[in-house]
Each structure stands twice: as C-alpha cells, then as structure tokens.
2 protein chains.
Amino acid sequence: MSGKDFESLEKVLETYVPEAERREVRRLLFGKELKKLNLPQSAIDASVEQDFDLKGYVFEASPEQLRPPRTVRVGLIQNKIVLPTDAPVLEQIKALHKRVGEMVDVAAMCGVNIVCFQEAWTMPFAFCTREREPWTEFAESAEDGLTTRFCIQLAKKYNMVVVSPILERDEIHSGTLWNTAVVVSNNGNVLGKSRKNHIPRVGDFNESTYYMEGNTGHPVFQTQFGKIAVNICYGRHHPLNWLMYSIHGAEIIFNPSATVGLLSEPMWPIEARNAAIANHCFTCAINRVGTEFFKNEFTSGDGKKAHHDFGHFYGSSYVAAPDGSRCPGLSRTRDGLLVTEMDLNLNRQVADKWNFKMTGRYELYAEELKNTIQHDFKPNILKE
Amino acid sequence: MSGKDFESLEKVLETYVPEAERREVRRLLFGKELKKLNLPQSAIDASVEQDFDLKGYVFEASPEQLRPPRTVRVGLIQNKIVLPTDAPVLEQIKALHKRVGEMVDVAAMCGVNIVCFQEAWTMPFAFCTREREPWTEFAESAEDGLTTRFCIQLAKKYNMVVVSPILERDEIHSGTLWNTAVVVSNNGNVLGKSRKNHIPRVGDFNESTYYMEGNTGHPVFQTQFGKIAVNICYGRHHPLNWLMYSIHGAEIIFNPSATVGLLSEPMWPIEARNAAIANHCFTCAINRVGTEFFKNEFTSGDGKKAHHDFGHFYGSSYVAAPDGSRCPGLSRTRDGLLVTEMDLNLNRQVADKWNFKMTGRYELYAEELKNTIQHDFKPNILKE
C-alpha cells in the first residue's frame with residue numbers, strides 16, 4: 001500500500017473504524033460533521049461515466065437577524081494531464097480544455113457559482129526539467145489568451161466565476177513570464193489577475209528559473225458571490241501571505257497547487273486549514289493528480305540518478321472553514337470535482353467569537369517586522 | 001464514546017487499522033515514522049505507579065560535516081489539578097508542586113534537559129468564574145515567588161532548564177497581574193520571563209478580566225541546550241507571534257495552554273504544527289487534562305444555564321518538527337509526560353531545503369502591514 005495506490009485517509013477510516021469511534025475520529029480530524037450536499041443524479045452519472053471523483057459538502061452558518069444567509073457553491077477541480085508531455089503544445093492545451101470543460105459542465109449541474117482549477121492547469125508541471133522549450137510555449141496572455149477566452153465562454157454559459165491559474169506571458173512588459181491566476185466574472189469579464197507571491201526553489205520545483213515573485217500584491221476580487229483571492233501554491237507556506245489577502249477582505253482564498261507526496265504531503269492538510277482558522281475565512285486547497293513523465297531525463301539536486309518523473313501528485317483537494325472544520329478530501333489518485341456549499345456569514349460569526357483580528361496587535365508586528373529586517377537587527381536573546 | 005472518555009486518535013488507529021494501511025495513515029497524519037525513545041525501566045515503572053502516560057520519541061537529523069549533532073531531550077508535562085478548587089490556596093499550590101515535581105523526577109530519569117509545564121500550572125483555570133477571590137491569590141512573583149523557588153531547586157537538582165508558566169503578580173509595577181512563563185536555567189538562575197502576548201475573550205476564557213496583553217515582546221532564551229521561546233496558549237492562533245519568536249532565533253517554541261474540547265480541539269493538531277513548518281523550528285504544544293469543578297456557578301455568555309465547569313481539558317500534548325512530522329500525542333484523559341529527543345540541526349537543514357525565511361519577502365509585508373492599520377486604509381478590491 002504505497003503512496004501511489006493509496007486512495008485516501010478517509011476511505012481507510014470508513015473501511016476499518018467502527019461507527020461509534022469513527023464519529024469521534026472524524027470530529028478530531030475534521031472538526032464538526034458536515035452535511036453531504038444533495039447532488040443531482042445527472043451529475044453523479046456524468047462523474048461515473050467520465051471517471052472522476054465527485055463529492056459535495058455543506059458548511060452551514062447560524063441564522064442572523066439582519067443578514068440573510070450568504071450561500072455560495074464553490075467547485076474545485078483536480079485532474080491529471082490528458083496527453084503525453086511530448087504531444088504538440090496546442091493539442092495538450094486543447095485536450096485539457098476539453099477534459100476540464102466537461103468537469104465544469106458537471107459543476108454547473110451542481111449549481112456551482114465559483115470554480116477554481118489547479119495551478120498551471122493547461123500544462124504539465126514541467127519546471128523540474130529546467131528546459132525552456134517547449135514549456136514556455138504554454139505561456140499565454142492573461143487578458144486575452146486562448147485559455148482566458150475559453151474561461152470567458154464557460155463563465156458566460158454557466159453564470160459562473162472562473163479562477164484560471166496559468167503560465168502567463170506579459171507582452172506589454174517585455175514578454176516576461178509569470179505564474180498567474182486569472183479571475184473571470186460570471187458575466188465573462190476579466191476581473192483581474194493575481195500573481196504567485198512566493199516562488200519555490202525546493203526539490204524539483206525549480207520555478208524561479210522561469211518566473212519571479214509576483215508583483216500584483218494581494219488583490220481581492222469582488223464577485224457577485226463573495227470576495228475571493230488566490231494564494232498560489234508555495235504561498236501557502238507563508239502565513240503572512242494568507243493574512244494579507246484576508247486583511248484586504250477575502251472571504252474565500254483559493255490555493256491552486258502542484259505538489260508531490262514525499263515532499264509535502266504531511267503538510268498539506270495543515271497549512272490551508274491553519275490559514276482558514278487564523279484568518280476567519282474559507283480556504284480551498286487544490287492539487288493536481290498523477291505522475292507526469294518527461295522524455296528528457298533530469299536531476300533533482302538530491303544526489304540521486306537522473307530520471308523522467310518527479311513523483312506522484314497526490315490530489316487530496318479540500319475546503320477548510322474558519323471554525324476549524326474541513327471537508328474530507330478528494331481522492332489521492334483520481335481526477336475529481338469537489339463541490340462545497342458555504343454560508344459566508346460563518347466568517348464574521350467566527351471572527352466575532354474568536355476575535356483574532358481584534359487581538360492581532362498588528363501595530364506591534366508592523367514595527368517589529370520592520371526592525372528585524374534591518375542590517376543591524378539585534379535579536380532579543382537573553383543569556384545567563 | 002464521547003469526548004471525555006475517548007483516549008486518543010492514535011489508540012483507535014492502532015486498534016482497528018491493519019498494519020499495511022496504518023503505515024500510510026501514520027505518514028499522512030504524522031509525517032515520517034519516528035523512532036520510539038528507549039526509556040529506562042525505572043521511569044516506566046514510576047509512570048505506572050504514579051498513574052501517568054509516558055511516551056518518548058526521537059526526531060533525527062542528517063549528519064553534517066562541520067556541525068556535530070545538537071541533541072536535546074525535551075519533556076512536556078500535562079496534568080489535572082490535584083485538590084478540589086475550594087481547598088486552601090497554598091494547599092492547592094503545594095499539591096501541584098508535589099505531583100509535577102514527581103513527574104519531573106521521572107523526566108530526569110529519562111535524561112530530559114528542558115522541561116515545560118502547562119499554562120498557569122499552579123492553579124485551576126479559574127478565569128471562567130470572573131471572580132477575583134481566591135484566584136488572584138494564586139499570583140506570584142516571577143523572580144522569587146514560591147513556585148519559582150521550587151523550580152530553581154528542580155533545575156539545580158537535575159541540571160534541567162525549567163519553563164514554568166504561572167499567574168504572575170508584578171509588585172514593582174503596581175502589583176499588576178500577568179500570564180507569564182518563567183524560564184530557569186539548568187544552573188538555577190532565572191533567565192527571564194515571557195508574557196502571554198495575545199489574550200482571549202472567547203467562550204469561558206475571560207482572561208482579559210484578569211490581565212492584559214504581554215509587554216515583554218518576543219524574548220528568546222539562550223540555554224545550554226538550545227534557544228527557546230514561550231508562546232503562551234491563545235498566542236498559537238496568531239501566526240505573527242510564532243514568526244517573531246522564530247525571527248529572534250528560537251529553535252524550540254513552547255506553547256503551554258489550557259483549552260477545552262468543544263471550543264478548540266479540531267484546531268489543536270493544526271496550529272502548533274503549522275508554526276513548526278512555517279518557521280523551520282520545533283514546537284511543543286501542552287494542554288492540561290481533566291474537568292475542573294467550581295463551587296459557585298457561572299455563565300458562559302452562550303445563553304446556556306449557569307454551571308460549575310467549562311468542559312473537558314483534552315491534554316493531547318505533542319511535539320511538531322520543522323519537516324512537518326509530529327509525534328503521537330499524549331492521552332486526552334490522563335496526566336502525562338512526553339519525552340522527545342530532537343536534533344536541533346534539523347531546523348537549519350529544513351530551512352536550507354525549503355527556504356521560507358529567504359523567500360518570506362518581509363520588507364513587503366512590513367510596509368503593507370503598516371499601511372493596512374491606518375485609518376484611511378483602502379483594501380485592494382477589484383470590482384466589475
């Protein structure tokens with residue numbers, strides 16, 4: 001039962017742990033018990049036919065006197081690449097458009113208002129190779145590239161906000177590359193873009209070879225269904241990044257990612273969930289699935305032999321809520337669509353209870369952080 | 001199988017999940033498999049006789065060429081109060097000294113170098129009552145109170161650093177109360193004190209009735225066994241608090257706490273562990289155990305009837321490492337001593353691999369955080 005074959009923690013618990021104990025195990029692992037979302041039979045049938053995992057959960061909030069519920073349905077899509085990595089670039093892109101487009105059709109059947117795809121969803125995660133060609137050819141304009149135009153169609157067709165993380169080429173700034181999420185409103189307008197703020201240089205994630213730290217700050221997108229932000233992949237390791245999206249008003253922060261088992265899997269259930277707790281908001285962690293094979297071998301800076309893949313992307317996409325609860329994750333091995341219905345009123349309800357923003361002492365930290373980055377910083381160390 | 005009777009998640013997994021799957025479950029839940037620490041029979045016997053949970057684990061690091069291993073043994077103690085809450089104050093304090101002192105004897109048998117007790121360890125967690133008397137009588141001088149003198153004796157006797165979180169009365173500043181951890185060096189000198197930086201106003205934790213946000217900043221204590229810091233209880237919800245201890249150089253951050261099941265239990269395994277990951281350091285989360293009964297009833301601001309206790313303190317103390325791994329927790333229901341041997345070289349090894357400090361962009365955040373606290377702050381919200 002090794003990493004690649006192990007479907008999910010949730011499945012094992014369901015299989016072996018008796019119901020009496022399982023309730024308590026679920027409470028400890030996932031917080032409160034969530035209602036399953038009632039999904040239409042047509043969507044369930046389509047997911048079986050198209051061979052992907054379909055799950056749905058509800059995050060409820062208490063009724064309030066002055067605010068009606070602010071219910072939104074969010075869809076997260078995780079998927080394998082469709083064609084081999086040496087297929088022609090345009091064919092690879094179009095095959096992914098087709099696959100993910102069909103999953104969006106199912107999301108629409110489930111009443112999804114906002115959908116988010118995985119990081120660099122139109123391409124294999126080829127940055128491990130350090131090759132330029134053909135990978136940089138996958139880069140597109142955020143404003144009017146092929147993929148953005150595809151997302152605009154989906155958005156209009158289904159009255160759905162689409163968050164589309166791509167490799168961006170910025171033609172008006174010397175053709176530089178960026179790791180960027182494009183946000184398309186449900187009316188089909190490009191609301192804007194949000195670039196990955198923190199770039200890894202770890203293991204096979206040689207991404208700083210291709211693009212630099214984002215320069216779009218911490219934008220929040222006011223959609224018809226709520227205020228959203230996008231913290232791309234490695235940014236989830238940086239609590240300040242989450243905090244700043246939240247301070248700018250994000251109610252849901254998406255974390256489209258690409259990460260593999262041996263490197264990060266024990267961290268995966270921790271970081272986005274911690275961010276939901278610490279910032280009184282919903283967080284949505286999405287990871288791709290499968291193993292991607294590259295024709296030319298590459299090394300990983302770990303003394304091991306050159307090889308053709310860098311391990312298993314373990315999926316396990318999930319949503320975490322501000323009250324510390326989370327839903328079970330999608331499969332570790334299969335494509336999947338996770339639909340969660342969330343009442344955004346929960347954010348303020350939890351904030352008013354726990355008060356982390358009120359007790360945050362940001363004045364103190366702004367000052368202290370500024371001091372610590374000075375060259376003559378003297379750490380506050382007490383000695384005998 | 002309700003909260004009070006459920007011994008631990010770890011126990012359930014061991015009981016029901018077959019070994020083949022359990023390995024993978026453990027990897028997903030706890031990161032890498034940790035070696036069990038070989039504890040002396042005398043310690044095991046003593047723990048049985050004195051009826052407390054004793055566990056030991058090893059966090060290893062890779063060998064380096066220039067630095068020898070920097071191995072330290074850390075002991076965490078979780079315990080119930082000993083006498084009823086209406087026993088005379090001094091008797092309650094002395095009974096806790098006796099109980100915890102005996103557990104420290106066992107820690108010494110296990111070769112512990114640094115021991116940390118739970119938050120406000122010399123008293124019941126009586127702040128739920130909002131009564132002044134007799135609870136404020138538990139407050140002591142950090143520098144030379146009864147409890148500090150007791151800790152000095154232990155430190156000298158066992159060549160052990162003692163972290164002692166107490167209710168402090170600061171006589172030289174108008175007798176104000178503080179929630180304070182006193183750090184005593186292995187030579188028996190008071191190295192200094194660290195006050196709780198973030199004070200809860202949540203549920204029954206009416207602590208701001210008694211003491212204010214700490215004014216000692218983020219001190220780090222250079223001990224013979226490594227650089228340590230103390231992030232008390234509610235401070236674990238604040239990622240900036242952990243960050244700042246780490247930036248000042250802490251290699252191990254203790255989080256002595258007092259927290260109950262329904263309020264925080266699903267958050268418990270997340271927050272200290274996230275801090276270990278995000279800051280490339282070890283974190284040690286300690287929670288008290290048991291239910292504390294108070295003679296006078298009190299209300300909880302939740303519309304429910306007045307009552308005499310505020311729920312089950314669920315123990316579950318654990319240690320998390322910078323590589324995302326953690327050890328199984330102590331019992332949810334019993335007193336316990338958790339001994340972990342950690343090679344502090346792991347911190348820099350993980351930091352050099354993951355680079356969160358290098359990629360942290362603190363200049364950007366110091367500036368942005370300063371802007372966000374201004375009265376005329378304009379959140380960066382993009383609209384249609």
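How many residue pairs are in polar contact between chain B and chain A (both at pLDDT 80 or more)? The count is 44, a polar contact being a pair of N or O atoms within 3.5 Å, of which, within protein, one must be able to donate a hydrogen and the other to accept it, with residues adjacent in sequence counted only if both atoms are side-chain atoms. The model is predicted, so that local features need pLDDT of at least 70 and side-chain atom pairs count only at pLDDT 80 or more, whereas totals for chains, interfaces and linings use all residues. Residues are numbered from 1 along each chain as its sequence is written, chains are lettered from A in the order in which they are written, and side-chain values use heavy atoms, without hydrogens and water.

On the side of chain B that touches chain A, helix α10 (residues 362-372) of chain B gives the most, with nine residues; helices (H or I, at least four residues) and strands (E, at least two) are DSSP runs, numbered from the N terminus. Two salt bridges link the chains, defined by a side-chain nitrogen of Lys or Arg within 4 Å of a carboxyl oxygen of Asp or Glu. One of them joins Arg27(A) to Glu265(B), with the closest N and O atoms 2.9 Å apart.

Chain B and chain A bury about 8200 Å² between them, 68% of it on carbon and sulfur atoms (accessible area, 1.4 Å probe, lost on being put together and summed over both). Trp354(B), Tyr365(B) and Glu384(B) supply 9% of the area that chain B buries against chain A, more than any other three residues.

Notes
Buried area is the accessible area (1.4 Å probe) that two parts lose on being put together, summed over both.
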